[in-house]
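The entries follow in the order in which I looked things up.

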Amino acid sequence: MEKEIIRGAEALMRSLMNEQVDTIFGYPGGSIMPVFDALYDHKEDFKQVLVRHEQGALHAAQGYARSSGKVGVCIVTSGPGATNTLTGIADAMLDSTPVVLIAGQVMSSVLGTDFFQEVDLVGVTQPIAKWSYQIRSAEDIAWAVSRAFYIARTGRPGPVVLDFCKNAQTSKVAFEPTKVDFIRSYVPYPKPDEKAIAEAAELINRAARPLVLVGQGVELANANEELKNFIEKANLPVGRTLLGLSALPSDHPLNMGMLGMHGNLGPNVNTNNCDVLIAVGMRFSDRVTGLVSTYAKQAKVIHLDIDPSEINKNVHADIPVIGDCKETLPLITALLENVDRKEWIDSFADYAAIEEEKAIRPAISPNGGPIRMGEVARRVSEATGNSAILVTDVGQNQMMSCRYFKFTKPHSVITSGGLGTMGFGLPAAIGATFGAPERTVCVFSGDGGLQMNIQEFGTIMEQGSPVKMILLNNNYLGNVRQWQEMFFNRRYSWTPMLNPDYNKIAEAYNIPSRTVSDRAELDDAIKEMLETKGAFLLHVAVMEEENIMPMTPPGASVNEMVFE
Amino acid sequence: MEKKLFTLIVYSENIAGLLNQVTAEFTRRQMNIETLNVSSSSIEGVHRYTITLWAEEETIKKVAKRIEKRIDVVKADYYTDKEIFMQEVALYKISTPKMLNNKQVSKIIRHNNARVLEINASYVLVEKTGKTEEIVTLYKEFVAEQCLLQYVKSGRVAITRDYNEDLSEQLFNEDAKRKGINR
């Protein structure tokens with residue numbers, strides 16, 4: 001067959017189509033112009049989303065990826081365009097989000113000359129990306145793009161950077177579609193070890209007080225059903241990490257709540273009471289473990305992970321089960337016995353009762369006073385039938401919405417866990433409306449984080465993205481203020497913030513909005529937000545100095561949560 | 001935990017920028033590389049890095065896994081000195097007039113089993129292969145005689161005590177498996 005002779009930029013289009021890409025987030029510029037010129041002829045093939053800042057493009061691609069399970073794609077120019085995406089690359093790496101960034105680069109003949117808008121993108125991104133590669137000739141495009149998508153989506157997913165020299169975009173190539181699905185130095189799906197499977201099952205069968213810790217790995221593997229079968233067969237209580245919240249429906253009887261610094265009391269305290277700890281697709285982040293030297297020392301640890309470098313990284317694993325949990329969970333489940341663990345499971349309820357009294361009721365059903373963050377989150381969740389996608393920014397808004405939102409469907413929580421990126425929420429929510437157009441997308445932000453990428457109101461306006469934005473405004477950088485109150489003698493350094501008129505900003509972008517400061521109006525305002533077609537900004541004036549509780553203070557053990 | 005000298009042997013595809021990926025794992029922990037040797041391996045297209053550095057075993061264990069995780073790295077293992085054979089090579093440039101005026105200098109060369117590579121009117125080029133201590137001893141002896149003009153020492157090269165390089169087998173097996181899959 002005669003190969004077609006096309007330009008490099010067009011070869012990129014064909015390669016993206018071969019990867020079933022349907023949406024591209026981006027921002028044009030000098031050294032990527034041939035690619036944007038090619039995109040002009042592919043308006044039917046890709047939804048093309050012009051953001052207002054490249055950081056927004058990367059976060060939008062992350063939101064798209066996490067809501068759809070597909071690879072998010074982002075195209076930007078060289079130099080500042082590329083460096084503006086770095087926060088998103090680092091975020092995607094820590095949270096295992098499959099994205100491919102295609103950035104323009106100067107012509108290969110002038111590399112290293114400090115050319116206009118030249119930056120060593122491969123050098124800069126290598127430590128924070130799963131793979132970085134420079135395309136210097138058009139012949140390389142089909143192979144590099146296919147390899148990029150293969151690496152981004154397989155194994156433990158992550159961000160891939162393609163640094164695309166301008167001469168490779170413009171020169172002609174005899175294009176041949178390529179499919180990379182094997183790299184000899186890369187083992188994305190390690191084969192499960194039968195011995196480890198048998199040992200894990202035996203340990204669980206003998207356990208009197210087992211506890212399962214569920215992370216995002218379950219969602220990334222689409223192993224939600226396999227997880228359910230696993231825990232139900234042997235009556236295993238579950239704690240979920242921040243990123244694993246929707247791996248199991250919130251109302252599942254074996255769900256004991258959220259892990260971590262601001263998680264629920266039961267699963268945190270019982271981490272140090274269990275006899276067998278079974279971690280599934282989670283990485284024992286310091287936010288989960290608290291003081292690691294006192295963490296679950298009494299327990300035998302079984303660690304299921306697809307990434308061998310996670311084993312023994314933070315917490316020693318007595319039985320590592322390396323592999324894809326979609327594969328390993330059923331293998332263990334098959335060997336499990338149905339053991340009644342009622343007494344152990346009931347012990348979580350005692351802690352839940354304490355937390356209900358001391359933290360939950362004051363947060364979601366306060367006796368008067370200003371509106372609390374938690375009650376807004378719970379009411380929005382219930383108004384969507386607990387079926388919405390929750391996107392959050394970072395800080396108190398994140399912890400409160402994750403604590404009080406409820407989940408019934410997989411892939412329903414999109415939040416910046418590892419990097420803790422303020423400004424993540426709004427663009428990620430825009431991306432989620434493209435990744436899961438059939439679902440309601442609610443994004444909770446604080447007044448600090450919203451302003452970090454507020455320019456993306458422009459993208460919402462232009463794309464008509466139906467983002468339901470809930471701004472929890474306490475006139476503070478709330479999480480830092482809470483730490484200043486608790487650990488820095490109430491010295492509120494740089495945390496009180498003079499806010500603009502958010503309704504006016506929304507109006508300037510043609511986004512309907514409403515401000516609520518009276519609890520009596522809250523339900524009606526939420527209803528208005530959800531019934532309004534398209535985007536809506538619900539601006540809620542919340543209690544100024546509310547603290548997220550309970551909390552494992554920094555340096556404290558996982559079972560030492562405080563309520564004030 | 002006590003820091004020990006470890007030798008890290010890394011095999012990777014021969015791709016530009018790979019060293020940066022390997023050293024990034026040291027940089028982020030501010031670990032200082034003691035010696036570094038990079039060259040082609042016995043397998044075509046595969047490069048071999050021999051890196052020595054002082055570290056706690058817990059750390060080097062994690063670092064090796066992180067390096068092996070890089071897409072184009074085939075394998076990364078760490079060893080203590082007992083688990084490997086190792087050598088370094090050094091070149092010493094000696095002043096010819098000083099050597100002729102000082103009989104001690106040629107004795108030093110013989111006693112240390114060093115080799116003379118080149119002699120001319122102005123300098124003598126001496127080579128020594130051996131362990132770090134042997135090379136440094138020779139260096140100190142030349143310095144004591146005030147005859148040393150230039151000195152350079154290589155990084156360590158090391159070979160494991162295993163019978164062969166199991167790596168080539170591993171790679172070829174992968175390729176064979178691949179052909180069998182026929183996707």
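I looked up the accessibility of Asn222(A) in this predicted model. Its relative accessibility is 45%, which lies between the 20% and 50% cut-offs, so I noted Asn222(A) as partly exposed. Asn222(A) is not a glycine, yet its phi is positive, about 50 degrees. I placed Asn222(A) in the loop between α10 (216–220) and α11 (224–234) of chain A.

I then checked Asn235(A), a non-glycine with a positive phi of about 55 degrees. Asn235(A) sits in the loop between α11 and β10 (238–240) of chain A. I noted Asn235(A) as partly exposed because its relative accessibility is 22%.

For peptide bonds, I recorded a cis bond from Met549(A) to Pro550(A), with omega near 0 degrees. Pro550(A) belongs to the segment after β20 (536–541) of chain A.

In the contact, domain 2 of chain A supplies 16 residues and domain 3 of chain A supplies 17.

I found about 1,400 Å² buried between these two domains, with 60% of that from carbon and sulfur atoms. On the domain 2 side, Leu242(A), Ser246(A) and His262(A) lose the most area, together 37% of what that side buries.

How many salt bridges cross the interface of domain 2 and domain 3 of chain A? I found 1. I also listed a salt bridge between the side chains of Asp251(A) and Lys406(A), at 3.4 Å from N to O. I counted 8 residue pairs in polar contact between the two domains.

How values were computed. Residues are numbered from 1 along each chain as its sequence is written. Chains are lettered from A and ligands numbered from 1 in the order in which they are written. This is a predicted model: local features need pLDDT of at least 70, side-chain atom pairs count only at pLDDT 80 or more; totals for chains, interfaces and linings use all residues. Side-chain values use heavy atoms; hydrogens and water are left out. Contact means heavy atoms within 4.5 Å. Buried area is the accessible area (1.4 Å probe) that two parts lose on being put together, summed over both. A salt bridge is a side-chain nitrogen of Lys or Arg within 4 Å of a carboxyl oxygen of Asp or Glu. A polar contact is a pair of N or O atoms within 3.5 Å; within protein, one must be able to donate a hydrogen and the other to accept it, and residues adjacent in sequence count only if both atoms are side-chain atoms. Helices (H or I, at least four residues) and strands (E, at least two) are DSSP runs, numbered from the N terminus. Buried means under 20% relative accessible area, exposed over 50%, partly exposed in between (1.4 Å probe, protein chains only).
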